[in-house]
Amino acid sequence: MPGFRTLDDVNVSGKRVLCRVDLNVPIADGKVTDATRIERVAPTLREIMNKGGALIMLAHFDRPKGKVVPEMSLRPVAAELEKHLGQPVKFVFTDWQQVPAVDVGPGECVLMENTRYHAGEEKNDEAFSRMLASLGDIYVNDAFSAAHRAHSSTEGIAHFIPAYAGRAMEAELRALRLALETPQRPVIAIVGGAKVSTKLDLLGNLVKKVDALVIGGAMANTFLLANGHSVGKSLAEHDLVDTARHILEAAQNARCAIILPVDGIVAREFKAGAASHDHGIDAIPADGMILDVGPMSVDRINAAIDEAHTLVWNGPLGAFEIEPFDQATVAVARHAASRTRAGKLVSVAGGGDTVAALNHAGVARDFTYISTAGGAFLEWLEGKPLPGVKALEPR
């Protein structure tokens, strides 16, 4: 993969390998309740050990802010790691105030305590970065979800020992490049969510990179206002109407087609099972709220997907958490999945709400790639450099 070194570029046999992983997993009653992130990095960890590397795992958990907080220890994660790796995982407690002793041999692994127990981690402190680097011979980053942070364990350490991408990081970077940097055109993006204000950089970058941009969710209401439509009592950012107009103008100049709802599912109250009706965008009741895009809009979006070869998706089209306002997101997700299964579409999606919506639709496994990274995925879509990725470039 040009610009990045991977495990294919290094012999780990007999080496102490520091591997940054994301183990910030949900825990209840001392047990991991969702092991998705562990499953993602397990292939990298097994490969390092199977090739004779002595594996030292670095990770953070929650935000202890430079203090030892027992409830934020990674100790419970070690037991879950053992299940997925099929071998013992030693746990090394340390408050990181001095270089910890780490006893690990080829083919073995240890999990170090929360790197954020040291105040220098989130400050990318050089002394702490050097301490971490002193524990190993090479560094492998397999935590794309933390790559947007310039911390000691994600960026600083790479200044002192050779750095490589793990398999999960490599897969993520390949998928993201395939989606926007070297895509098969036409490219369509779907962006949803509640607020334009949280996705200004994203929209500004995408209109320059994609051929068509679908705007859904409550944020579409602000664009509808910019086009002179009334949205009743729908959630909208009235102070950003001019900003929405500028984005529409930028899209026109970049020859990016903007696809806005032409009808909406409207209810008088926001609750499960609320009475709702489909209304054209020109006929939204003054006391109504648009809570999903309507069937005509779904048909229009699906037709645009049919013309595309690449899809990038971030954010649901409606209030998918509450029925019946999940119907548009589910319908479009299943259509995109069908095109992907048929080999006619490369589909890449990411963001917490997006992953939840695709799981709700039952199609997450059918997409080409699903990113579990929240902030890092969004910043990549915004066109921002990611410190943890840049650190993998050969020096």
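## Notes on a predicted model

1. K390 counts as exposed, at 51% relative accessibility, whereas E393 is partly exposed at 33%. Elsewhere, salt bridges with shared partners tie D8, E47, K51, R167, E170 and R174 into one network. Over the whole structure, the search finds 20 salt bridges.

2. The side chains of R177 and E181 come together at 3.6 Å, N to O. These two residues sit four positions apart in α4, about one turn of the helix. R177 is partly exposed, with a relative accessible area of 23%, and E181 is partly exposed too, at 46%.

3. What about a pair that links distant parts of the chain? D287 and R268 form a salt bridge through their side chains, at 3.2 Å from N to O. The two partners are 19 residues apart: D287 is in the loop between β13 (276-280) and β14 (289-293), while R268 is in the loop between β12 (263-267) and β13. D287 is partly exposed at 35% relative accessible area, and R268 is likewise partly exposed at 47%.

4. Six strands make up an open sheet in the order β11-β10-β9-β15-β16-β17, and their pairing is parallel. At the edges are β11 (257-259) and β17 (369-371), each of which pairs on one side only. Neighbouring strands here are turned against each other by 15° on average, with direction ignored. In general, strands of a sheet pair through backbone hydrogen bonds, either parallel or antiparallel.

5. For a detail at one end of that order, look at β16 (residues 346-350) and β17. The two strands run parallel and are joined by three bridges. A349 has I370 of β17 as its bridge partner. Helix α9 packs on the sheet, where it touches β9, β15 and β16, and its direction makes about 150° with that of β15.

6. Two cis peptide bonds deserve a look if you plan to check the backbone. Going from R185 to P186, the bond is cis with omega near 5°. P186 belongs to the loop between α4 (167-181) and β9 (187-191). The bond from E323 to P324 is also cis, again with omega near 5°. P324 is part of the loop that runs between β15 (310-314) and α9 (327-341).

7. Which residues other than glycine have a positive phi? One of them is N124, with phi near 55°, and another is W96, with phi of about 65°. Is W96 buried or exposed? W96 is buried, because its relative accessible area is 0% and the cut-off for buried is under 20%. This residue lies in the loop between β5 (90-92) and β6 (109-112). N124 is in the loop between β6 and α3 (126-133), and at 23% relative accessibility N124 counts as partly exposed.

How values were computed: Residues are numbered from 1 along each chain as its sequence is written. This is a predicted model: local features need pLDDT of at least 70, side-chain atom pairs count only at pLDDT 80 or more; totals for chains, interfaces and linings use all residues. Side-chain values use heavy atoms; hydrogens and water are left out. Buried means under 20% relative accessible area, exposed over 50%, partly exposed in between (1.4 Å probe, protein chains only). A salt bridge is a side-chain nitrogen of Lys or Arg within 4 Å of a carboxyl oxygen of Asp or Glu. Two strands pair if DSSP finds at least two bridges between them. Axes are lines fitted to C-alpha atoms, for helices over the stretch in contact, and angles run from 0 to 180 degrees between N-to-C directions. Contact means heavy atoms within 4.5 Å.
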